[in-house]
Structures are given as C-alpha cells and as structure tokens.
Amino acid sequence: MDKDYLTRSCHCRIRDVACRECGNIIGYHVVAPCSQCLQAGNNGHFWMFHSDACHPKERKDITGKYTILWNNLPRAEYDLDFIMGGTVPYDEICR
C-alpha cells in the first residue's frame, strides 16, 4: 500500500494491505522477514489478514472448476481478471 515499516515485536519489514474498493486496511504483507522470525518455527505465510476485515472466498481457475492455490495465483500483470478490470461486487468485498 504505502511504505514499509518495522513491527513492534521484531525487525520484520511489513506493508499494510488495503481493500481495492474502499481502501480499508485488511491486513499486512511481510516484505522482509527478520532473521529471528526465519529461525523460529513459522508456517511460511507472509500475507496476514485481519479476521474481522476479511471473509475468505475460493477463487477458481479460468475454467471455473479448480480452486487456485496461493502458489498458482498469477502475478497482477498476467492476471486476466485484473487486466480486464474484473471486479468483485462491493458487498462481497466490504462488509
């Protein structure tokens, strides 16, 4: 979203993530994990979403049959939904 900043509890660099429709902060992305966190037992997830701000919804592939997993999501510049201006209805994004 804006600029990276450090967490209060360690030296990870993070950046807020906001809703593309309304601009509300919905979580954060760990841009650069610190060595302490990399050495600690973690699940390897670098995208954290506030549970009260997000409601999960499975995204299907172009055929509509298969759920897209995180490691298979296209980069924004290759994402046809994004390129073609596809949007999700506001009531499904912001509650």
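**View 1. Residue I25 in strand 3.** I25 is found in strand 3, which spans residues 25-32, where strands are DSSP runs of E with at least two residues, numbered from the N terminus. The model is a predicted one, in which local features need pLDDT of at least 70 and side-chain atom pairs count only at pLDDT 80 or more, while totals for chains, interfaces and linings use all residues. Residues are numbered from 1 along each chain as its sequence is written, and side-chain values use heavy atoms, with hydrogens and water left out. I25 counts as partly exposed because its relative accessibility is 36%, the class between buried (under 20% relative accessible area) and exposed (over 50%), with a 1.4 Å probe and protein chains only. From C-alpha to C-alpha, I25 lies 9.1 Å from F49, and the two are 24 residues apart in sequence.

**View 2. Residue W47 in strand 4.** W47 belongs to strand 4, residues 47-49, and counts as partly exposed because its relative accessibility is 41%.

View 3. Four strands form an open sheet in the order 1-2-3-4 with antiparallel pairing, two strands being paired if DSSP finds at least two bridges between them. Strand 1 (5-6) and strand 4 stand at the edges and have a single partner strand each, so one side of each is left without a neighbour in the sheet.

**View 4. Strand 1 beside strand 2.** Strand 1 and strand 2 (residues 13-18) run antiparallel and are joined by two bridges. In this pairing, L6 stands opposite R13 in strand 2.
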